[in-house]
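Take a look at the model below.

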Amino acid sequence: MKKAPFLALVAFGVYSLVRILYNLAIFPVCPEALTEMRKEMKEAEADLKKKGFKFPNKKTD
């Protein structure tokens, strides 16, 4: 009887992991969102540069 709470916790953990992996597997690809996010990142970078922040060398796509 003392194993029941532990087994319930393990079962919940396994269920949560399976659910997360499933949702990642079916996650839709949205190229419009990617384009919008890159635009916002460039705007944020330009704004930070205006405020004096210096970025290290970065890779380009």
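The side chains of Glu45 and Lys49 form a salt bridge, with 3.5 Å from N to O. This is a predicted model. Both Glu45 and Lys49 sit in helix 2, which covers residues 31–50. They are 4 residues apart, about one turn of the helix. Side chains of opposite charge can pair when their charged atoms come close.

The two partners differ in cover. Glu45 has a relative accessible area of 15%, so Glu45 is buried, the cut-off being under 20%. Lys49 has 49%, so Lys49 counts as partly exposed.

How many salt bridges are there by this rule? The count comes to 2. Besides the pair of Glu45 and Lys49, the side chains of Asp47 and Lys51 meet in a salt bridge at 3.6 Å, N to O. Asp47 is partly exposed because its relative accessibility is 37%. Lys51 is at 65% relative accessibility, so Lys51 counts as exposed.

Now step across to helix 1. From Lys51 to Tyr15 the C-alpha to C-alpha distance is 47 Å, over 36 residues of sequence. Tyr15 lies in helix 1. Is Tyr15 buried or exposed? Tyr15 counts as exposed, because its relative accessibility is 52% and the cut-off for exposed is over 50%.

Phe6 is also found in helix 1, which spans residues 4–25. At 56% relative accessibility, Phe6 counts as exposed too. Phe6 belongs to a nonpolar patch on the surface.

Now zoom out. The secondary structure of the chain comes to 2 helices and 0 strands. Along its principal axes, the C-alpha trace spans about 65 × 25 × 20 Å. The radius of gyration is 22 Å, whereas a compact globule of 61 residues would have one near 10 Å. Buried residues make up 2% of the 61 residues. Glu45, at 15% relative accessible area, is buried.

The accessible surface of the chain comes to about 6,400 Å². Carbon and sulfur atoms account for 68% of that surface. The chain carries 12 positive and 7 negative charges. Their mean positions are 11 Å apart.

Notes. Residues are numbered from 1 along each chain as its sequence is written. This is a predicted model: local features need pLDDT of at least 70, side-chain atom pairs count only at pLDDT 80 or more; totals for chains, interfaces and linings use all residues. Side-chain values use heavy atoms; hydrogens and water are left out. The radius of gyration is taken over C-alpha atoms; the globule rule is 2.2 Å times the number of residues to the power 0.38. Buried means under 20% relative accessible area, exposed over 50%, partly exposed in between (1.4 Å probe, protein chains only). Accessible areas come from the Shrake-Rupley method with a 1.4 Å probe; for residues, only the protein chains shown count as cover. Lys and Arg count as positive and Asp and Glu as negative; His and the chain ends are not counted. The place of a charge is taken as NZ of Lys, CZ of Arg, CG of Asp or CD of Glu. Patches are made of residues with over 30% relative accessible area and no salt bridge: like charges are joined within 9 Å, nonpolar side chains (Val, Leu, Ile, Met, Phe, Trp, Tyr) within 5 Å. A salt bridge is a side-chain nitrogen of Lys or Arg within 4 Å of a carboxyl oxygen of Asp or Glu.
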